[in-house]
Amino acid sequence: MAERTFYNEVLTDHNLHPDNKYQLKDPNKVKEGVNPSCGDDIVLQLKYVDGVIEEASFVGEGCAISQASADIMINLVLGKKKEEALHLSDIFLRMIKGEATDEEIEELEEGGALQDISHMPARVKCAVLGWRTLNEILNEE
Amino acid sequence: MSDNLFTKEENDYIRKDFPLLNNREIIYMDNAATTQKPVQVMDSWRRYYDEYNANPFRGVYGLSVDATECYEDSRSAVAGFIGAGSSSEIVFTRNASESINLLASSLCDMIIKPGDEIIVSIAEHHSNFLPWQQAAKRLGAKIVFFECEEDGEFKAGKLKELINDKTKLLAITHLSNVLGRINDIKTFADICHEKDVIISVDGAQSVPHIPVDVKALDVDFLQFSGHKMLAPMGIGVLYGKGELLEKMPPYMYGGEMIETVTRDGATFAEVPHKFEAGTVNVGGAYALAEAIRYYEKTGFEKIMARERALTKAAMERIDAIEGISVIGSQNAEDHEGIITFLVDGVHPHDVAAIMDAEGVCVRAGHHCAQPLLQYLYDIREKKNTGGISTTRISLAFYNTLEEVDRMAEALAKIRPEMGIV
């Protein structure tokens, strides 16, 4: 049986009142991320200049986990350099596998609210959708 | 009436036969996906392997003859269960999907010419849509959609308008796995036959829950899966009218479907064997026959009375919860154990995850029926949370009123838990 406490306030708040869910003006990097089996579908939009994520937003649809995770991710990577963003992404993906240390998870700030996904294999894809899409953009070069 | 149906003694009497329901602390409400298995059925499967197993048809020795008898007696049991005229009208397959693929290949090759039309209902499971879609592409035919009303009813008048000189086939479900509503197959069959159109019916959801008589319905083909009706996974059925099956070419080639084989060609066995290439699933067929005996022993009268009372209770409980809307008909009588719904503001995957945390197994997603859900989504002016996805509960006679109550309690907690007041 799944963890009872999973849908915590951080998560439901980012789902219902996202900070970064809107159409970005003139993004220079746009990438769609899809989980075909469950229908999560987001489009990540960046203003990515000289290796720095200057602006970021997402639009799309999906479960609370996919939406909240993408929203929290953007808060974390805004203004960050490529290497810093990839570093956070690496921690997040390892956290979801249950392999990150507590100190590392602290670096993720609110992202730590998704820690319990490691006990819910059916929802891993939802939690990593935003991060996976970000990695694809950053690793394109 | 429901007082007598759901006494503790009665519930215990039924549920003692289902080990999983006793071994796991869950409320299982995904019966449209697959049912749990009674101990009698799994014992019979084991018994076949412990006492009768040999490769059927081939051996001259007694044991092989026993295995053949197990298989052919099972075929007769299936024929009797659905009212087929002869057991040679029953082809064993892996599941309903394979049965439909067989038709889409063999039957379509025989009857479909470029420019012909195949009518498919909008409510079909992908299994009863994709095989026809691909056959139409292969043979240069056209797929025509038979659409339902918003309450899930398929109207005979609409079907009549769709049929023309090019129409060769109608593929439609007896009972949609999303809408849960019984379709008027006999009327549709009469309309088809007036115009020499073949009707093929997906019985995967109807055969396990209501009595189905292929002669009374006058369908040309019917398909269903064993695993949705108490039998193990891996055994399914294609019923076809004898005169059609006899004319159709084989679907797969291999052992035991031949009469003679030479360097240059072959002649094929009689129906149904010409459609059963290779070593067949005797254990599965034997267990399916035991599942049929289980149905006959329990009786559809009791099964339907329980399932309909459970459905009515579930609809009432769901109606009382704010922010939940049921897809299709709003009347309990139009839902044969299947209730698909939306929770306003909450994505169906979150609904299913929270229900799972309460121990209730329900299905979330597109239920392998994306064209239908897209159609209903468009009708609803795209107002659903979660796009075309929905949540579904599907009941079986071994469910109880207490389980329905607990399901509804779990459902009532979802919107508050997700921060929606």
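Predicted model: local features only at pLDDT ≥ 70, side-chain atom pairs only at ≥ 80, totals over all residues.

1. Starting with the overall build, chain B holds 16 helices and 15 strands. Its radius of gyration is 22 Å, close to the 22 Å that the globule rule gives for 421 residues, so chain B is as compact as a globular protein of that length. Along the principal axes, the C-alpha atoms of chain B fill a box of roughly 75 × 55 × 35 Å.

2. How much of chain B counts as buried? The figure is 51% of its 421 residues. As for contacts in chain B with a separation of 6 or more, 72% of them join residues 24 or more positions apart.

3. Next, the place where the chains meet.

4. Within chain A, have a look at helix 3 (residues 82–96) and helix 5 (residues 124–138), whose axes come within 10 Å and cross at roughly 155°. Angles over 145 degrees count as roughly antiparallel, and helix 3 of chain A and helix 5 of chain A are therefore roughly antiparallel to each other. The crossing is left-handed. Helix 3 of chain A contributes residues including A:L86, A:F92 and A:I96, while those from helix 5 of chain A include A:V128, A:W131 and A:L138. The contact of these two helices divides into 11 nonpolar residues, 2 polar and 1 charged.

5. A charged side chain worth a click is B:R392, placed in strand 15 (residues 390–394) of chain B. Is B:R392 buried or exposed? B:R392 is buried, because 23 other C-beta atoms lie within 10 Å and the cut-off for buried is 20 or more. Leaving aside residues up to four places away in sequence, its contacts include B:A32, B:V178, B:I338 and B:R363.

6. Beyond residues up to four places away in sequence, B:I324 touches B:I318, B:F341, B:V343 and B:L411. B:H349 is 25 residues from B:I324 along the chain, and their C-alpha atoms are separated by 15 Å.

7. Finally, some backbone geometry to check. Most residues other than glycine have a negative phi, and most peptide bonds are trans. The peptide bond from B:V271 to B:P272 is cis, with omega near 0°, and B:P272 lies in the loop between strand 10 (266–268) and helix 12 (282–298) of chain B.

8. Two loop residues of chain B have a positive phi. B:D196 has phi near 55°; its loop runs between helix 9 (185–194) and strand 6 (198–202) of chain B, and B:D196 is exposed, with 10 other C-beta atoms within 10 Å. B:L230 has phi near 80° and is found between strand 7 (221–225) and strand 8 (236–240) of chain B. B:L230, however, counts as buried, with 27 C-beta neighbours inside 10 Å.

Methods. Residues numbered from 1 in each chain as written. Chains lettered and ligands numbered in written order. Helix = DSSP H or I, 4+ residues; strand = E, 2+ residues; numbered from the N terminus. Rg over C-alpha atoms; globule rule 2.2 N^0.38 Å. Buried ≥ 20, exposed ≤ 12 C-beta atoms within 10 Å, placed from the backbone. Contact = placed C-beta atoms within 7 Å. Axes fitted to C-alpha atoms, helices over the stretch in contact; angles between N-to-C directions. Parallel < 35°, antiparallel > 145°, perpendicular 65-115°, else oblique. Left-handed = near helix turned anticlockwise from the far one by under 90°.
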